[in-house]
Every structure is written in C-alpha cells, then in structure tokens.
Amino acid sequence: MQKIGAFYLRNNGGFVCAPAANYIDENGNFNTSSNGGHIALGQGVMFSPADHGVPDGSTMQLYIWIEAGSDRTGSPFFEYDSTSNLNGEYDITGTTLKSDVHFDGVKSN
C-alpha cells in the first residue's frame, strides 16, 4: 500500500467544503477525523492527518465534508506515514448534491 504524509484538496465545485480523513485505528475501528477547515471555490489546502488525530501507520482515505450537500470520499486508500513527503492530490467539482472527486495522483510536497 502506498504511504503518504498528507492530502491536498482543490475545490473547483460550486460549494464550500472541508477535507478530513476516514481511517482504521489500531483496534480495527473505522473513524473520521476532524476536518481541516473550510475551502472556498477556487482554493486548495494541504491536510495533515496528524493535526486531526489520525495515528501514524493507519489505513486512510480522503473524506470531504460538503456544506449543505452530500459528503464524498476519495479513492484510493493509503497508509499514513507522518515522515513521508508525498501527498495524495484531489480536485472536487460539481454542485452540493452532485459532485465528483478526481484523484490526481501522488505527488511530492
């Protein structure tokens, strides 16, 4: 499984959104972290899982909270490595009720 140290999310949708992470903890429980703050249209933000309670070594995926809309997730799953300089990059487009998440690959910070 690919190891990354962060997610980068660009908001190209017609709404306000916020990145977070779905992750599996050491007991096998599925959790969602706190979010990384609101992103306005046309903006992007780096999301550091450690700043939001994700334990090092967890299996995780991007979770996107959408204000007044349907939340989304981004694929694939990654292993969180707080020492990694790689991040999973994503764009989100569309509207509050019909959005699309686009995985742009793993890139260096």
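I first counted the elements: the protein chain has nine strands and zero helices. I note at the outset that this is a predicted model. Read from the N terminus, the elements run β-β-β-β-β-β-β-β-β. I then looked up the radius of gyration, which is 13 Å; the globule rule gives 13 Å for 109 residues, so the chain is as compact as a globular protein of that length. The C-alpha trace spans about 35 × 30 × 20 Å along its principal axes.

I next took the totals for burial and surface. Of the 109 residues, 38% count as buried. The chain exposes about 5300 Å², and carbon and sulfur atoms supply 47% of that area. For contacts between residues at least 6 apart in sequence, I noted that 60% join residues at least 24 apart.

**Sheet**

Strand E3 (residues 17-24) pairs with E4 in the antiparallel sense, over three bridges. Within this part I found Ile24 opposite Phe30 of E4. As background, I recall that strands of a sheet pair through backbone hydrogen bonds, either parallel or antiparallel.

**Core**

I looked up the largest nonpolar core and found 18 residues in it. Phe7, Leu9, Cys17, Met60, Ile64 and Ile92 have the most contacts inside this core. The elements that give two or more residues to it are strand E2 (6-13), E3, strand E6 (59-66), strand E7 (72-80) and E8. E6 gives the most, with four residues.

Leaving aside neighbours within four places in sequence, I listed its contacts: Ala20, Ala21, Val45, Met46, Phe47, Met60, Gln61, Leu62, Phe78, Asn87, Gly88 and Tyr90.

**Asn87**

Asn87 is among the contacts of Phe7, and I went there next. Asn87 sits in strand E8 (residues 86-94). Is Asn87 buried or exposed? Its relative accessible area is 1%, and the cut-off for buried is under 20%, so Asn87 is buried.

I then asked which side chain makes a polar contact with that of Asn87. The partner is the side chain of Asn109, at 2.3 Å. Not counting residues up to four places away in sequence, Asn87 touches Ile4, Ala6, Phe7, Tyr8, Met46, Gly105, Val106, Lys107, Ser108 and Asn109.

I checked the peptide bonds and noted the one from Ser75 to Pro76, which is cis, with omega near 0°. Pro76 lies in strand E7.

I also checked phi values. Ala68 has phi near 55°, a positive value in a residue other than glycine. Where is Ala68 placed? I found Ala68 in the loop between E6 and E7. Its relative accessible area is 72%, and exposed means over 50%, so Ala68 is exposed.

**Last entry**

Asn87 is buried at 1%, whereas Ala68 is exposed at 72%. Asn87 belongs to strand E8, while Ala68 belongs to a loop.

Key:
Residues are numbered from 1 along each chain as its sequence is written. This is a predicted model: local features need pLDDT of at least 70, side-chain atom pairs count only at pLDDT 80 or more; totals for chains, interfaces and linings use all residues. Side-chain values use heavy atoms; hydrogens and water are left out. Buried means under 20% relative accessible area, exposed over 50%, partly exposed in between (1.4 Å probe, protein chains only). A polar contact is a pair of N or O atoms within 3.5 Å; within protein, one must be able to donate a hydrogen and the other to accept it, and residues adjacent in sequence count only if both atoms are side-chain atoms. Contact means heavy atoms within 4.5 Å. Two strands pair if DSSP finds at least two bridges between them. A nonpolar core is a set of buried Ala, Val, Leu, Ile, Met, Phe, Trp, Tyr and Cys residues joined through side-chain atoms within 4.5 Å. The radius of gyration is taken over C-alpha atoms; the globule rule is 2.2 Å times the number of residues to the power 0.38. Accessible areas come from the Shrake-Rupley method with a 1.4 Å probe; for residues, only the protein chains shown count as cover.
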